[in-house]
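I opened my notebook to look through this structure from the inside out. Come along and keep the view at hand while I jot things down.

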Amino acid sequence: MKEKKLIAKHVMVLFAIIMTALGIPSITKADATDYQTTIATDRAAGQVKYSISGIDPEQTKTLTLQVTDPATKAAVLEQPVSLTAENCMEGTYTGTFSLSDLNYAYGSYTVSVVIDENTIPVGSTDLSIHKDKISLTIQGTKSASSRTMTLVSKEAAGEVLVPGEGNQVSIMAWPKSASETTAKLVGAKTNLNKNNGLVWTANISKAGTAYGTWYARLVLTNTNNTSVNIKLAEASYSITPTISSFVVSKTKSLEKKKSFSLYIYSLKNVYGVRSLSFRVYNSKGKKVATIAGKRKNTSGSQFSASVTMKKLKYKLDKYTIKAVLTDNNGKTKTISKSVSADQRAKSGTLSVTKKQKKASCVYKLSNAYLPGNIKKVNFVLYKVKGKSKKKQGTYTVKSTAGKKKITTTVNNNKTGSYLVRAYGYTAWNKRVLLNEVNYRLRKKDMGKNGWYYEKYNGKKYKLYYVNNVVQTDVTKLLKLKKSSSSNTNNFYIEVNRAACTVTIFMKNKDTGKYDLPVKTCTVSVGRDVSTVAGTGGLTLHSSYTPLGTYSICTNGQSVKYTLKPMVEPDGSTVYARWATHIVGNVYFHAIAVGSQSHYALSSSTYNRLGSPASAGCIRMTVADAKWIYDYASTGSTVKIIKGKASKPGPMGKNAVIKTKGVSYDPTDPAVPTSRKKADYKAKRISGYMTKNGTRVGY
């Protein structure tokens, strides 16, 4: 192209030389390259200034401004200009055009000037709206009538979003369910200055009464041209009621009334709340009840209702409840959140626990439920043989309302297979099968006899049973010999201070552990539960049984007494039979008496066995103290523990003989059996031990 222009220019020069030689004057027209142009855009004013230099006013009298859409190549403005000495001084013309000249057709354009047959490019101008830097945001909860709508500008500082003057923006809104033609003004027309963001506080309730999704449009208009109506940005928002919570409440008082309550908290709605109702649907989706809600506060933001089983026709089911409000426009709207009320029977857990010691079974129904509470429970027992079952009995438990565990004990009669069913009765006396369980009774379930390893307090012990009763003294069964120079019984003796029990253990040949209880004794320990003195300081002023591990005759010497004088805290002397030394001034011994007689023991003192009562020693019955004296060899471990009253030991805690008006220990072999028998018959003692060690009454 440049080469063609250069050739054309050379031709014109050659033509001029020839014309000059012939004496003919030449006229040379300028081409586009002979002109210089400039262009500047003032977006704030919506005006464009351009200039063209190199004009020969002798040859050029007019020019034409052309503004073209580069996309369509169509001219949007053609403006002829007459050149005069005033507007074209020194060959330069400066002109302007504005958005008004373009009829406010915002856009980016190509600008050129036509002189003679030459089109001289001037440049391009940006009079477009920068929509990519404009957005509309809407803030506010779904139930709020007041929303904050913001024109957000991302335009750089000093730049202009929309060119020209007289620009205004407003916001129109319409529901998604309706036509855009129904849009109403929610954000008033506001002057748009350069690229400043704008904020409207809009009352959207004025736009209509519809719920759901709404659209909002940011619209540009211009005071200088009423035909301007341009969408700048669009956003959406929702209108729906909101709540903070929707709950079902069940309380003891409500269960008594055979009902449950519904609560709606913090209900808010754009169009207000005239009333609220609760609709109840069964598990098949059928509406079975409608209940009016009651306002709980003056603002109307809280509602409640009570639903009775009578209203639900006493049908046990899982119900779905929906809340429906009626707004101030008379329209109804269902709250999006629903709740469920489980008014079905809950079967809970039915367990059968075999009590081998008592040859019985405990039926326990746990966590079962009937709406309105369980009035009573029938445990129905069947003997099962093949496919047939025969009813054995019905065991009724009343007053079960609100109880999480319902139990009854049934004696075992015969071995075989059994089925037990638990039936609950509603407050309106309907019988409901809650649960059932099969179990089998074997010979061992009919009672214990012999040796058993059983777990107690986290450890296993070997215990001996006779007719379901654990034996608390197996001395004869084990054929133990008394301690002597030729026989050593190395026991582990545990004193449970809290339970007031002493349990003697021997080493089990099978396990190599001290897990074979030989005997348990019910005793009295010291009255004090603390002391400022150590074990060596247990003197007249101490009534404390020390905790720790010691041994029979801790000092290594055999210190045992058939009758030991002891000094009481008040300074008096008492006498204790069958005393065996532990540590310091602490002994195992029979209850001390004021004289050496076997008939100097008061009933009140004896009846305190099984509770703290001593001055620090381990008080025992005569029979138990003599057993320790006879069988426990020097060096046997004695451990005194704090213990627990509820955990007396694997053999349990023996019942204490009670006496009334007698002055002896009913286990004392020195007291004739005939006397004991007479006092037992007269109910002066609740039991006794014969001379040969047989227990009677306990």
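I searched the whole structure and found two cavities of 30 Å³ or more. For my own reference, on a 1 Å grid over the protein atoms alone, a cavity is a set of points where a 1.4 Å probe fits but cannot get out, and a pocket is an open set with protein on both sides within 12 Å along at least five of seven lines; lining residues have an atom within 4 Å of a point. Grid points are joined across faces, edges and corners, and a volume is the space filled by probe spheres set on the points.

Before going on, I noted that this is a predicted model, where local features need pLDDT of at least 70, side-chain atom pairs count only at pLDDT 80 or more, and totals for chains, interfaces and linings use all residues. Residues are numbered from 1 along each chain as its sequence is written, and side-chain values use heavy atoms, with hydrogens and water left out.

I took the largest cavity next, which holds about 150 Å³ of space. It is lined by 16 residues, and Thr621, Asp624, Asn654, Ala655 and Tyr698 are the closest to its centre. I asked myself which element gives the most to the lining of the largest cavity. It is β37, with three residues. Both β37 (516–522) and α4 supply at least two residues of that lining; helices (H or I, at least four residues) and strands (E, at least two) are DSSP runs, numbered from the N terminus. By class, I counted nine nonpolar, four polar and three charged residues in the lining of the largest cavity. Here Ala, Val, Leu, Ile, Met, Phe, Trp, Tyr, Cys and Pro count as nonpolar, Asp, Glu, Lys and Arg as charged, and the others, Gly among them, as polar.

The second largest cavity has a volume of about 110 Å³. Of its 13 lining residues, Arg577, Ile591, Val593, Val622 and Asp668 lie nearest the centre. Its lining divides into seven nonpolar, three polar and three charged residues.

**The largest pocket**

I then turned to the largest pocket, with a volume of about 790 Å³. Its lining has 28 residues, and those closest to the centre are Asp473, Lys519, Met689, Gly693 and Arg695. The elements giving two or more residues to this lining are β34 (469–470) and α4 (622–631). α4 has the largest share, with five residues. I also wrote down the classes: 10 nonpolar, nine polar and nine charged.

**Overall build**

How far does its radius of gyration sit from what a compact globule of 698 residues would have? The globule would be near 26 Å, but the protein has 54 Å; the radius is taken over C-alpha atoms, and the globule rule is 2.2 Å times the number of residues to the power 0.38. The C-alpha trace spans about 180 × 65 × 55 Å along its principal axes. Of the 698 residues, 44% count as buried, where buried means under 20% relative accessible area, exposed over 50%, and partly exposed in between (1.4 Å probe, protein chains only).

**Charged pairs**

I found 15 salt bridges in the structure, each a side-chain nitrogen of Lys or Arg within 4 Å of a carboxyl oxygen of Asp or Glu.

- Glu155 pairs with Lys133, with the closest N and O atoms 3.2 Å apart. Glu155 lies in the loop between β10 (146–153) and β11 (167–175) and Lys133 in the loop between β8 (118–127) and β9 (134–139), so the pair ties together parts that are 22 residues apart in sequence. Glu155 is buried at 9% relative accessibility, while Lys133 is partly exposed at 28%.
- Glu234 pairs with Arg217, with the closest N and O atoms 3.0 Å apart. Glu234 is in strand β15 (residues 225–239) and Arg217 in strand β14 (residues 212–222), so parts 17 residues apart in sequence are tied together. I also saw Glu180, Arg217, Lys231 and Glu234 linked in a network of salt bridges.

**One last residue**

I looked up Ser112, which sits in strand β7 (residues 107–115). Is Ser112 buried or exposed? Ser112 is buried, with a relative accessible area of 9%. Leaving out residues up to four places away in sequence, Ser112 touches Thr64, Leu65, Gln66, Thr119, Ile120, Pro121 and Val122, a contact being heavy atoms within 4.5 Å.
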